[in-house]
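Visitor: Could you walk me through a structure? I'd like to go slowly and ask as we go.
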Amino acid sequence: MLVEGKNISFSYDGFSLALRDVAIKIEKGEFLVILGANGAGKSTLVKHFNALLPLEQGELRVAQIDLRDEKDIWLLRRLCGMVFQNPDNQFVSSTVEEDIAFGLENYEAPRDEIPERVRAALALVEMGGYEKRAPDTLSGGQKQRVALAGVLALEPEIIIFDEATAMLDPSGRQEVLAIMDKLHKAGKTIIAITHYVEEAVAADKVILMQKGRILACGSPEAILTDLDLMKAAELLPPLPVRLYHDLRQAGVHLKNCPLTNEELVKEIWQLKSKT
Amino acid sequence: MKTLPAGQYIPGHSFLHQLDARTKILCLFLLIATVIGALSLWSYALVLAVIALLILVSRLPVRPAVAPVRGIYRFLLIVFLMNALFFGGEEVLASWGIFQLSREGIRQGFRVVGNVLLILILGNLLTMTTLPTQVTTALESLIKPLKFIGVPTEDVAIIISIAIQFIPTLVEETELIKMAQIARGARFESKKLLERAASFIPLVVPVFISAFRRADELALAMEARGYRNAKNRTRRKKEPLAPHDYCALAVCAFICLVQFLLLRNLV
């Protein structure tokens with residue numbers, strides 16, 4: 001197990017709990033999506049994985065590092081990279097290459113290696129040639145890809161996307177999702193937090209959170225098609241799932257509940273061929 | 001592209017554009033000293049000649065190069081009056097209570113206003129021929145010697161870099177908040193100075209709150225990328241200065257010396 005934790009509870013103010021007795025297991029190479037409405041505790045949970053929040057209660061091990069012991073936090077943050085929601089609030093330097101080098105400089109990477117590692121990270125997010133650009137001249141999707149390159153330069157085992165697509169336009173979102181998929185295929189462990197249910201379809205595992213608790217954990221098919229579960233999490237199921245149920249109510253029975261538009265078209269086509 | 005409020009960068013290939021930003025900043029300091037040191041008409045003639053030559057060498061259009069002159073006339077008027085009315089002197093032309101208008105005061109007023117204008121034009125020439133990123137990098141490099149008197153230069157360099165990096169974002173945010181306030185009936189265009197200042201209070205508060213929120217998020221993002229302190233980090237390699245940079249520095253130092261040794265007291 002790459003991430004293993006139990007009985008994790010956390011409170012920001014000492015009164016109300018933002019996390020309540022959470023248990024979690026994530027395998028190496030897994031693509032996990034954590035879904036939940038605002039205030040469900042998604043970000044609070046993942047901020048424990050790289051020790052941005054202290055482990056107040058419970059047990060947590062990430063990449064063999066016990067989070068109860070603070071001495072390995074610095075190493076942990078290299079192994080567990082994080083891309084945040086607002087790309088504008090992640091840049092520390094005036095040029096793309098200097099910003100990507102920031103993490104490498106923090107980990108005292110040899111000076112001669114830095115330019116090559118910056119170039120490699122930019123190539124991974126398909127942003128080669130943007131080295132000298134100022135971050136504020138890039139589009140939202142490009143900014144988020146540069147922020148991701150800054151994380152990738154450190155060669156982490158786990159990459160957390162903390163609502164990294166929330167502030168992007170549809171094309172920017174697609175850019176980031178495509179890179180996420182590419183990294184997953186390359187064997188990286190991806191943890192994505194979102195309240196866009198459509199983004200959970202491609203995941204290996206989905207965790208549904210509500211009011212600091214894990215409501216359910218399972219495959220996208222099991223979670224996203226369960227209307228009661230989605231309602232309890234204060235989320236709307238993906239459009240094809242809603243259409244499947246609406247059609248059912250109207251007397252049209254599709255064979256399987258589709259998760260994507262393509263699957264929906266296929267199901268309708270199959271139904272049409274039968275009749 | 002959003003640029004720094006003072007002196008928008010104009011791309012070019014002139015001699016001034018090609019100079020290293022560190023050289024340009026050092027030359028700016030030398031020329032500011034030359035301006036401040038000017039007392040006689042001859043010494044001002046030297047400064048004006050240097051500025052004219054710089055505008056010529058930069059191949060920049062004259063109008064934007066001297067643009068700061070137009071924007072701050074109210075401020076300059078106040079500076080002039082403060083000097084003219086409070087400087088004192090032997091040849092008093094008129095007096096009203098604590099105010100005393102003297103020939104020396106008027107001369108001092110003109111001198112201070114002139115100095116401010118000339119320094120602004122020089123600063124404008126720097127930002128018009130240098131990318132903000134180059135200015136940041138140069139500043140980081142130039143403050144290094146302060147380490148020997150106990151200044152935490154690495155931390156200051158990171159602070160400068162982040163502050164400059166955040167200016168366009170904050171300018172954009174201020175504009176957005178301003179528009180949101182205008183949409184709800186706020187007015188920022190009053191001609192009365194006090195009314196105008198008061199109308200900006202509802203703008204300043206949300207901008208500050210937003211800046212603090214951004215600073216929090218940035219600190220978190222920096223921690224997530226392994227930032228502990230500025231000391232334990234890989235140092236960046238600095239490019240050495242080119243021969244033309246040394247020439248420019250020598251010329252500016254020479255101008256400064258001529259000012260202080262020869263022209264300053266020449267009537």
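Predicted model: local features only at pLDDT ≥ 70, side-chain atom pairs only at ≥ 80, totals over all residues.

Visitor: Okay, is strand β3 of chain A buried or exposed?
Guide: Six of the six residues of β3(A), residues 31–36, are buried, so the strand is largely enclosed by the rest of the structure. Buried means that 20 or more other C-beta atoms, placed from the backbone, lie within 10 Å of the residue's own, and a strand is a DSSP run of E with at least two residues, numbered from the N terminus.

Visitor: Which way do they point?
Guide: F31(A), V33(A) and L35(A) point one way, whereas L32(A), I34(A) and G36(A) point the other way.

Visitor: Which strands does β3(A) run parallel to?
Guide: Five bridges join β3(A) to the parallel strand β8(A), residues 189–194, where L35(A) has T194(A) as its bridge partner. Five bridges also join β3(A) to β9(A), residues 205–210, again parallel, and there G36(A) stands opposite M209(A).

Visitor: New topic: how many residues does each chain give to the contact?
Guide: Chain A gives 30 residues and chain B gives 28 residues, where contact means that C-beta atoms, placed from the backbone, lie within 7 Å.

Visitor: And which element gives the largest share on chain A's side?
Guide: That is α3(A), with five residues.

Terms used: Residues numbered from 1 in each chain as written. Chains lettered and ligands numbered in written order. Buried ≥ 20, exposed ≤ 12 C-beta atoms within 10 Å, placed from the backbone. Helix = DSSP H or I, 4+ residues; strand = E, 2+ residues; numbered from the N terminus. Pairing = 2+ DSSP bridges. Contact = placed C-beta atoms within 7 Å.
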